[in-house]
Amino acid sequence: MARRDDEYLVALDLGTRTTRCAIACWRRDGEIVLEGYGEARTLGVSKGLIVDAGGAAESVRRTIEAAAERARVRVYTVLAAVGTPFARGLNSRGCIGIVHDDKIARGNDARRALAAANRISLPADRAVAEVYSQGFAVDDVRGIHNPVGIAGGRLEAEVHVVTDSLCAHANVEQAIRQAGFRPERVVFGPLAAAEAVLASEEKRLGSVHVDIGAETTSVAIYAGGYPRFSRVLPVGCQHITNDLAIGLNTPVPSAAAILRECGIVDSRRPRRKESVATVQVPRADGEAARLVPLWRVGFIVRARVEEIFDLVSKELDRSGVAAAGAARVVLTGGFCQIKGARDAAERILRRAVRFGSVDVESTLSQFEPGPAHAVLLGTLARGVSHRERRYDHRFDEGGWRAMFKRVASWL
Amino acid sequence: MATTESPAAATSVLFVGVGGIGCELAAQCTASRSARRLLDFDAAALDAYDPAETIGLAGAAASTDDMDPDDMRAAAEAAADQVAATVGGGTELALLLGAVGGQTGAVVLPILANDLKSARSTVLVVALEPLPFEGAARAELAAQAMAELENVADLIISVPNRPLAELCDASLPVGEAIRELRARTLQAVDQLVGALTCGSSVGFQPSELRRSLAEAGRGALGVGVGTEGARVEAAIRDACANSFLTQESCQQASAAILHLRGGTDVSLQEVRSATDLVAQLVGRVPIQVGLSTDADDAETVRATLLVTGIRPPIAAMLCEGASVGVAQDQGLSFYDGVDLDVPAYLRRRPSPRLRH
């Protein structure tokens, strides 16, 4: 119980349907070991946005307490993942002149270029959620990871800036405070998950990360090793369940059970002489259950699944970067638990599809990280990189001045 | 561009006309084909065709409107078995032609398409939609048939139901306009069948063509002829001016197939300019080009442009939402004007009101 606050990380994924919390020990070698996990049914969240502050705070409290009990730690600060349909990713560029006599870029130049790239004008109701570097360019030579020590006249920094609703972030922070904890940082969940599940080769060659949650679907495109596009759509698995509930006139829990049992089945109507597979469907009015042909379930489910992937396709077209070679799709989120999800995605998107999950060292015996945990574990990884940045001296030059700065940062 | 010189490379095509108009057009089609079958409930109408090619649908009442739908389906299934038996199951490509505004086409086409698809054929359906003046009942019937066909057929090429004045010269008398429309449909189908079956000259690789047509969704067809000067360009422009192929359908397509048929003097430059022209129309989508040459066709080029994978414009779905009583307020559940909270299967069903 008596451990230092900065020895562990607490990540929270306040999803529309399920709230998940993971507690990990952050070792000095930079690795994290998962020690606690908790999940609870979410209350008061719709399409990634808090609509009932009390309900959301209660979900946060119960989830973190469950994870803390398992990890045997006391939680103070929490990293939260947010991804609302208001989020927009944009690519920005900042340019400065290298004015030194020797024309060699210093660490300070890199920082100034990044600051220039981050300078974007925003409406009053929006805030910058995350900034991801897309590398540097010195005199039109692109793809430079660290420009310090490279000679040139002009230094450009490229960044992917994600902006989101200011209120959405403030509400999540408030829910954490109301639950009795302190928000450490709010990260953009979709890109945090994408960073964690995509292999570095996939990021370099170009890949698409699609996370289909309960009521939101996020799309992130990577090319050349960096994020190029991110977007959150207001549609998810819960829509499939709702469609089934409406189409089959059955309660929502029964529709969810049918979806779990049947998955994405064939929507082809069988011929009369062929045997017709059926599924038992309870009635919404409480009367006796009836048998419904399985193809009817397939018809309803496929229409929604095809629409979700059509929207994803549309976003890929809009991004303008998909054609550059984003040939592989990595799928995460609760959608992956539906039978036939991968085949459907491959057929509609016409790309190679794999399920993504985050490999993490764990001391938990009954916890298997899967595609549904990608945002949560990605948030942990993002938290690590944010903490490491405090000790990041990538852009520092040598000498006494740098040493003083470093000592000052430790203090 | 795929080049095939061997006669053995021809794709085996089964051509089926369904219902009165379907049979009439299929019977008049002059392009070479592997097999042709004509299906109708009206036995008297079938007497006008080659008995070897006709299959009467059993259980005909005075009119198909008086028939029990279950009886119609049973008759269609029996006929589908007969079609499968006559072709021996060796058909690679099945082209079904019929009007979906009538009972025969609306019932038989989906069943036949389903059966042929089960027999591992690639199924193309040329569906003639009812004209607006034919009424809402036929439009509704056609919409249901198209929704069913979308589930079973690989490619549905619809001859759209726009007002007759848009499809033909507005100054023509109505009867003549309808005749002209049928003639143009026949020309389009004739040229399409020709393009699909051209195994004896430079053309598509059958396997490639089949792959392109499989699961292609909705499509649109344009045919044109060019004779003098920039004849290839003229043929393409004629195909695009064809009212079956609209600018919207070209923009919403995800693939295009261009087939040119002309004399042996068609130059590489002409083919290239035709491809560039099509690329301008359809944008950044894959274009498959084939060319067949015929010494008798000197100085004339016939272009067949088939765009496939047409996705319905999402904005149009808004009206679908309206038809099921959804508020039009823009909110978080809306995406490009579509209310995503309305079940997708309800929105996908085309509304007859949209089609007038």
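This is a predicted model: local features need pLDDT of at least 70, side-chain atom pairs count only at pLDDT 80 or more; totals for chains, interfaces and linings use all residues.
Lys103(A) sits in the loop that runs between strand S7 (88–97) and helix H2 (107–118) of chain A. Its phi is near 60°, a positive value in a residue other than glycine.

Most residues other than glycine have a negative phi. Arg72(A) is another residue with a positive value, its phi being near 60°. Arg72(A) belongs to the loop between helix H1 (53–71) and strand S6 (77–82) of chain A. Arg72(A) counts as exposed because it has 11 C-beta neighbours inside 10 Å, and the limit for exposed is 12 or fewer.

The two residues are set out below.

| Residue | Phi | C-beta atoms within 10 Å | Class |
|---|---|---|---|
| Arg72(A) | near 60° | 11 | exposed |

The largest nonpolar core has 121 residues, and Val10(A), Leu12(A), Ala22(A) and Ile64(A) have the most contacts inside it. Helix H8 (residues 294–319) of chain A gives the most to this core, with 11 residues. Another core lies apart from it and has 93 residues, including Ala145(B), Ala188(B), Leu213(B) and Val223(B). Leaving aside residues up to four places away in sequence, Ala22(A) touches Ala11(A), Leu34(A), Gly36(A), Tyr37(A), Ala67(A), Leu376(A), Leu377(A) and Leu380(A).

H8(A) also packs against helix H9 (residues 341–349) of chain A, at an angle of about 50° and with the axes 10 Å apart. H8(A) is therefore oblique to H9(A). The crossing of the two helices is right-handed. On the H8(A) side the contact is made by Val305(A), Glu306(A), Phe309(A), Val312(A) and Ser313(A), which meet Ala344(A), Ala345(A), Ile348(A) and Leu349(A) of H9(A). By class, the residues of this contact are 7 nonpolar, 1 polar and 1 charged.

The last topic is the interface between the chains. Here 22 residues of chain A are in contact with 15 residues of chain B. Helix H6 (237–247) and H8 of chain A each supply at least two residues of the side of chain A that touches chain B. H8(A) gives the most to that side, with 7 residues. The side of chain A that touches chain B has 10 nonpolar, 3 polar and 9 charged residues.

How values were computed
Residues are numbered from 1 along each chain as its sequence is written. Chains are lettered from A and ligands numbered from 1 in the order in which they are written. Helices (H or I, at least four residues) and strands (E, at least two) are DSSP runs, numbered from the N terminus. A residue is buried if 20 or more other C-beta atoms lie within 10 Å of its own, exposed if 12 or fewer, and partly exposed in between; C-beta atoms are placed from the backbone. A nonpolar core is a set of buried Ala, Val, Leu, Ile, Met, Phe, Trp, Tyr and Cys residues joined through C-beta atoms within 7 Å. Two residues are in contact if their C-beta atoms, placed from the backbone, lie within 7 Å. Ala, Val, Leu, Ile, Met, Phe, Trp, Tyr, Cys and Pro count as nonpolar, Asp, Glu, Lys and Arg as charged, and the others, Gly among them, as polar. Axes are lines fitted to C-alpha atoms, for helices over the stretch in contact, and angles run from 0 to 180 degrees between N-to-C directions. Angles under 35 degrees count as roughly parallel, over 145 as roughly antiparallel, 65 to 115 as roughly perpendicular and the rest as oblique. A crossing is left-handed if the near helix is turned anticlockwise from the far one by less than a right angle, and right-handed if clockwise.
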